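Dear colleague,

Please find the structure below, handed over for your further work.

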Amino acid sequence: MRHIISIRDFERRDLDHLLHRAGEFAGGGFDRDLLAGKILSLLFFEPSTRTRMSFASAMARLGGTCISVDSMEASSIAKGETLADTVRVVSGYTDAIVLRHPKEGAARLASEFATVPVINAGDGAGQHPSQTLLDLYTIKQSMDLDGIEVGILGDLRYGRTAHSLAYALSLYDVNLHAIAPKGLEFPEGLVHELKGRGMEVRNHHDVRKVIRDLDVLYITRIQKERFPDLGSYYDVASSYRITPETLQGVKDRLILLHPLPRVDEIDPAVDSTPHARYFEQSRNGVPVRMALLSEVMG
Amino acid sequence: MTPGQNRTLLVSQIKDGTVIDHITAGEALNVLTILGIAGTTTESLSIATNVASRKEGRKDILKISGRELRKEEVDRIALIAPHATINIIRDYEVVEKKGVTVPPVIKGVVKCPNPGCISNAKEPIESAFEVLGKELRCCYCDWMITKNIASHII
Ligand SMILES: [Zn+2]
């Protein structure tokens with residue numbers, strides 16, 4: 001039985017296979033009854049409309065059915081019941097479980113008790129592997145994943161999307177540039193681990209100094225809460241904001257990604273440049289999730 | 001007085017049991033906590049802390065009478081006392097001497113410092129950490145414990 005819990009559990013060939021499958025699904029030439037007769041439960045202990053819709057859409061496109069449990073019902077299921085018990089029970093109703101839960105590590109726990117495959121659709125600030133897969137998929141649409149310069153910008157200390165992407169990229173021949181305010185750099189342990197996986201991480205504090213070297217810039221939010229006061233937050237956030245001016249002199253093939261929703265990280269004037277790929281990125285959610293569903297149930 | 005005599009004065013010999021030597025100075029009580037030997041134990045214990053040692057400068061020693069610790073039990077202390085040696089004593093003789101090796105995953109020893117971690121919720125699981133050199137990573141939430149491991153012991 002195959003669970004999809006954390007990007008750490010993947011080897012390169014698994015990722016390549018899933019990305020290839022997603023490409024096939026996006027192309028439209030696939031068996032529309034691939035998951036006919038299969039039932040997927042969407043177990044959402046916290047609201048995440050986009051993620052839930054894209055899983056439901058992916059399941060429907062493959063001919064399968066969803067049982068959806070929204071956050072209110074899920075919380076009543078969970079009243080006085082452990083997640084372990086809920087998952088054991090729901091395993092008896094369906095062929096796979098997509099789990100969204102506010103506690104970090106919830107999906108790992110669920111996989112220990114479920115008797116059907118569990119797909120992690122985000123656990124608290126923790127892992128969200130389908131997001132990372134669609135990030136990779138979006139890069140791959142524009143270029144090969146080997147031999148590229150990738151910048152990850154934002155709160156790299158706490159941003160798990162960034163950690164997860166860095167992990168995945170360490171399976172490829174990628175030069176990674178970490179672009180973060182002082183104090184919000186990648187955790188030392190992570191850098192050390194990435195190094196052990198053969199990837200050097202170069203640190204930068206000024207995006208303007210490195211952006212011309214990049215093929216991919218992955219932008220994440222810098223949280224207000226990380227700063228002692230609003231003033232210092234705005235100073236930092238504005239120096240990391242991507243505007244048409246920041247993009248002067250960049251490579252033609254540079255693509256800009258963002259897991260969305262964005263706040264002020266990217267000037268809307270950037271949206272119309274050929275570099276902006278974040279809306280395409282969010283559209284890729286369905287084929288990528290089709291690949292995941294067919295992987296665990298197909 | 002020779003150094004050898006000095007040591008026997010500090011910690012008396014035991015007839016049967018386990019002597020844990022070369023514990024990182026100051027960690028003896030944490031070692032006891034990890035081994036689950038708290039104040040309520042029936043074992044007779046001798047604890048020597050900050051003993052002069054030619055090898056480490058200072059070290060702690062623990063002697064536990066009447067109990068032979070198993071390898072899996074003792075390996076858990078490797079986290080905070082990586083140079084410890086375990087001597088199994090029978091009738092005043094060392095019958096077995098072994099070092100400690102850090103297991104790849106330690107369960108139920110360290111509490112995850114992340115309040116949002118599922119291992120801190122009411123679930124039927126033990127905490128679990130992957131051991132990466134001197135650091136630990138929570139198997140559930142990926143939280144890294146990089147220092148003061150002893151302060152997170154359950
Ligand atoms: Zn944890």
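Across the interface of domain 1 and domain 2 of chain A, two salt bridges are found, a salt bridge being a side-chain nitrogen of Lys or Arg within 4 Å of a carboxyl oxygen of Asp or Glu. Glu193(A) and Arg8(A) form a salt bridge through their side chains, at 3.3 Å from N to O.

On conventions, the model is predicted, with local features needing pLDDT of at least 70 and side-chain atom pairs counting only at pLDDT 80 or more, while totals for chains, interfaces and linings use all residues. Residues are numbered from 1 along each chain as its sequence is written, chains are lettered from A and ligands numbered from 1 in the order in which they are written, and side-chain values use heavy atoms, with hydrogens and water left out.

Domains of chain A

The domain assignment of chain A, which is automatic or taken from a database, gives domain 1 as 7-126 + 284-297 and domain 2 as 129-282. Their contact (heavy atoms within 4.5 Å) takes 23 residues from domain 1 and 25 residues from domain 2. The two domains of chain A bury about 2100 Å² between them, 59% of it on carbon and sulfur atoms; this is the accessible area (1.4 Å probe) lost on being put together, summed over both parts. On the side of domain 1, Ile7(A), Leu19(A) and Asn284(A) lose the most area to domain 2, together 34% of what that side buries.

Twelve residue pairs, both residues at pLDDT 80 or more, are in polar contact between domain 1 and domain 2 of chain A. A polar contact is a pair of N or O atoms within 3.5 Å; within protein, one must be able to donate a hydrogen and the other to accept it, and residues adjacent in sequence count only if both atoms are side-chain atoms. On the domain 1 side that touches domain 2, α1 (12-27), α2 (49-61) and α11 (285-297) of chain A each give two or more residues, and α1(A) gives the most, with eight residues. Helices (H or I, at least four residues) and strands (E, at least two) are DSSP runs, numbered from the N terminus.

Strands of chain B

Strands β6 (residues 105-107) and β7 (residues 128-132) of chain B run antiparallel and are joined by three bridges; pairing requires at least two bridges found by DSSP. Lys107(B) has Ala128(B) as its bridge partner in β7(B). β7(B) also pairs in the antiparallel sense with β8 (residues 135-138) of chain B, over four bridges.

Yours sincerely
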